[in-house]
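Subject: Structure handover and notes

Hello,

Here is the structure you asked about, with my notes below it. Please read the notes with the structure open.

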Amino acid sequence: MYRKFDAKLKDTVLTIFAGEYYVSKSREIISTVLGSCISVCLYDTKKDIGGMNHFMLPEDASPIKILNKKDAEIKKEDLADASMRYGINAMEVLIAEMQKSGADRKNLRAKVFGGGNVLSRQSTIQSVGDKNIGFARAYLKMEQIPIEKEHVGDHFGRKIFFLTGEKKIFMKKIGFEQALQE
Amino acid sequence: MKTVFAVDDSPTARASIEYTLSKGGYHVELAEDGVIALDKINGYSKPIDVFLFDVNMPNMDGITLIKRVREIAEFKFTPILFLTTESQESKKMEGKTAGASGWVVKPFEPEQLISLIKRFTGE
């Protein structure tokens, strides 16, 4: 991750990369660029604590039901699966860090971004992007953390800016090539 | 059948521990935070062979919980392992000082957790 002054936003922006996470208690701007990866942005409704992760399940992860948020579920047998544990860990460290910063689990809300698909959706095999979306929805449902907003799937990359103080997110659609380069 | 008592505030973590350990042949008791755990432990009439605690939890964290459990004569020497995403050395030291028998940083391999528990139960 790195910090850089953004002329447009007139503020310092902290950018995170795949596999990283960041939690802020001091009204910062956290940013990341997503292709088929997922970012879950969490915030505490009553305190100025916000955090973001950026992760992807391994390619061989088992498919997850993603029809809609209500149906999403991680099967019990899959909980011990290595690829699932990878995603679970990415979420657990973010939640644990939020709690250490003083966030209250029951006041946590989520905004979910990413999971774009590089190729057009014709294949019957579930794409990596869709698996990631399914995982994020199923995990948050299991943890009883409401998803306040999501912008996922489709055929483009995304650049997001999370203003932790305002609990707001600005999103820019970007091309997949740009998402890969960054 | 040996009993493992696990405390974690994450429903996913609890489900994952329960699945892994019951498949490994253990009876699993669960609680979602330190306060609920203490209540359950005090009212539990059968023996508990191993405890698994998370560190960061609401109401009562794992470090406070272990101190309280160690005050109960019956559990003075019962193996208590921390199973957590917390990898900070200072936290580990705090846990050890409070009476932890071991510290497992997540994610864990199911087999690894079971063989560690076996080491403590002498199976």
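Two strands are said to pair if DSSP finds at least two bridges between them. Helices (H or I, at least four residues) and strands (E, at least two) are DSSP runs, numbered from the N terminus. The model is predicted: local features need pLDDT of at least 70, side-chain atom pairs count only at pLDDT 80 or more, and totals for chains, interfaces and linings use all residues. Residues are numbered from 1 along each chain as its sequence is written, while chains are lettered from A and ligands numbered from 1 in the order in which they are written.

The sheet of chain B

Chain B has an open sheet of five strands in the order S2-S1-S3-S4-S5, with parallel pairing. S2 (27–31) and S5 of chain B are the edge strands, each of which pairs on one side only. On average, neighbouring strands of this sheet are turned by 20° against each other, direction ignored. Such angles run from 0 to 180 degrees between N-to-C directions, and axes are lines fitted to C-alpha atoms, for helices over the stretch in contact.

Inside the sheet, S3 (residues 50–53) and S4 (residues 80–84) of chain B are joined in the parallel sense by three bridges. Phe53(B) has Phe82(B) in S4(B) as its bridge partner. Helix H3 (residues 62–70) of chain B lies across S1 (3–7), S3 and S4 of that chain, at about 155° to S3(B). Contact between two residues here requires C-beta atoms, placed from the backbone, within 7 Å.

The peptide bond from Lys106(B) to Pro107(B) is cis, with omega near 0°.

Helix packing in chain B

Two packed helices are described by the angle between their axes and the distance between the axes. For H3(B) and H4 (residues 89–98) of chain B, the axes come within 9 Å and cross at roughly 10°. H3(B) and H4(B) are therefore roughly parallel; that term covers angles under 35 degrees, with over 145 counted as roughly antiparallel, 65 to 115 as roughly perpendicular and the rest as oblique. The crossing of H3(B) over H4(B) is right-handed. A crossing is right-handed if the near helix is turned clockwise from the far one by less than a right angle, and left-handed if anticlockwise. H3(B) contributes Ile63(B), Ile66(B) and Lys67(B) to the contact, and H4(B) contributes Glu94(B), Gly95(B) and Ala98(B). These residues divide into three nonpolar, one polar and two charged. Ala, Val, Leu, Ile, Met, Phe, Trp, Tyr, Cys and Pro count as nonpolar, Asp, Glu, Lys and Arg as charged, and the others, Gly among them, as polar.

H3(B) also packs against H2 (residues 34–42) of chain B, with axes that come within 10 Å and cross at roughly 20°. That makes H2(B) roughly parallel to H3(B). This crossing, too, is right-handed. Gly34(B), Ala37(B), Leu38(B) and Ile41(B) of H2(B) meet Gly62(B), Thr64(B), Leu65(B), Arg68(B) and Val69(B) of H3(B).

Where the chains meet

The interface involves 16 residues of chain B and 18 residues of chain A. On the chain B side, helix H1 (residues 11–23) gives the most, with seven residues. That side is made up of seven nonpolar, six polar and three charged residues.

One residue of H1 in chain B is Thr12(B), which touches Ile88(A), Tyr139(A), Met142(A) and Glu143(A), not counting residues up to four places away in sequence. Thr12(B) counts as buried because 21 C-beta neighbours lie inside 10 Å. The cut-offs are 20 or more other C-beta atoms within 10 Å for buried, 12 or fewer for exposed, and in between for partly exposed, with C-beta atoms placed from the backbone.

Strands and turns of chain A

S4 (residues 29–34) and S9 (residues 157–163) of chain A pair in the antiparallel sense over six bridges, and Ile29(A) stands opposite Leu163(A). S9(A) is also joined to S10 (residues 168–174) of chain A by seven antiparallel bridges, where Ile160(A) faces Met171(A). S9(A) and S10(A) form a hairpin with four residues between them, and Lys167(A) in the turn has a positive phi of about 60°. Lys167(A) is partly exposed, with 19 other C-beta atoms within 10 Å.

Asp154(A) has a positive phi of about 65° although it is not a glycine. Asp154(A) sits in the loop between S8 (147–152) and S9 of chain A, and is partly exposed with 13 C-beta neighbours inside 10 Å.

Regards
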